Amino acid sequence: YSILPVLGLDGYLSFNIFEGSVTAEKFEKFLCEHVPLMHPYPGPQSVLILDNCSIHHGPLSKHLLRTRLVKYQIHSLFEYC
């Protein structure tokens, strides 16, 4: 199983649990459902932190975030094996 959480300063806002790995398609669907919870920067819930996983780099993912005016940056938090 895999989990995609949405965390805020006050705790979990939402999450999805998937059987198996999270694919780019599952991640993009998750974004479509959860980006509306976010607000334009610099408002509350306006910053998204992603690691360097390849599913975070898809064109649909970037488009969804840009159109919501969300401040996002992909960080290399650690290396995947």
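Me: What makes up the lining of the largest pocket, and which residues lie nearest its centre?

Reply: In this predicted model, 30 residues line the largest pocket, and Pro5, Val6, Leu7, Leu48 and Ile49 lie nearest its centre. The space in the largest pocket comes to about 860 Å³. Strand 1 (2–8), helix 1 (24–34) and strand 3 (47–50) each contribute at least two residues to the lining. Strand 1 provides the largest share, 5 residues.

Me: How do the residues of that lining divide into nonpolar, polar and charged?

Reply: The lining holds 22 nonpolar, 6 polar and 2 charged residues. Pro, Val, Leu and Ile count as nonpolar, so the residues nearest the centre, Pro5, Val6, Leu7, Leu48 and Ile49, belong to the nonpolar class.

Me: Why is the pair of Tyr12 and Phe15 called edge-to-face?

Reply: A search of the whole structure finds 1 aromatic pair. The ring centres of Tyr12 and Phe15 are 6.4 Å apart, and rings pair if their centres lie within 6.5 Å. Their planes stand at 75°, while the edge-to-face class requires an angle over 60 degrees. The pair is therefore edge-to-face.

Me: Why is Tyr12 called exposed, and why does Phe15 count as partly exposed?

Reply: Tyr12 has a relative accessible area of 59%, and exposed means over 50%; Tyr12 is therefore exposed. Phe15 has a relative accessibility of 44%, which falls between the 20% limit for buried and the 50% limit for exposed, so Phe15 is partly exposed.

Me: What makes Gly8 partly exposed, and where in the chain is its place?

Reply: Gly8 is in strand 1. Its relative accessibility is 27%; buried would require a value under 20% and exposed a value over 50%, so Gly8 is partly exposed. Gly8 and Leu48 are 40 residues apart in sequence, with their C-alpha atoms 9.9 Å apart in space.

Me: How do you know that strand 1 and strand 2 pair?

Reply: Two strands pair if there are at least two bridges between them. Strand 1 and strand 2 (residues 11–18) are joined by 7 bridges, so the two strands pair. They run antiparallel, and a hairpin connects them through 2 residues. Across this pairing, Leu4 stands opposite Asn16, and Pro5 stands opposite Phe15.

Me: What makes a group of residues a nonpolar core, and which residues have the most contacts inside the largest one?

Reply: The members must be buried nonpolar residues joined through side-chain atoms within 4.5 Å. The largest nonpolar core has 14 residues, and those with the most contacts inside it are Leu4, Val22, Phe27, Leu31 and Leu48. Strand 1, helix 1, strand 3 and helix 2 (59–67) each give two or more residues to this core. Helix 1 gives the most, with 3 residues. In soluble globular proteins, nonpolar side chains tend to be buried together.

Me: How many helices and strands does the chain have, and in which pattern do they follow along the sequence?

Reply: The chain has 2 helices and 4 strands, and their pattern along the sequence is β-β-α-β-α-β. Of the 81 residues in the chain, 28% are buried.

Conventions
Residues are numbered from 1 along each chain as its sequence is written. This is a predicted model: local features need pLDDT of at least 70, side-chain atom pairs count only at pLDDT 80 or more; totals for chains, interfaces and linings use all residues. Side-chain values use heavy atoms; hydrogens and water are left out. On a 1 Å grid over the protein atoms alone, a cavity is a set of points where a 1.4 Å probe fits but cannot get out, and a pocket is an open set with protein on both sides within 12 Å along at least five of seven lines; lining residues have an atom within 4 Å of a point. Grid points are joined across faces, edges and corners, and a volume is the space filled by probe spheres set on the points. Rings of Phe, Tyr and Trp (its six-membered ring) pair if their centres lie within 6.5 Å; planes under 30 degrees apart count as stacked, over 60 as edge-to-face and the rest as tilted. Buried means under 20% relative accessible area, exposed over 50%, partly exposed in between (1.4 Å probe, protein chains only).
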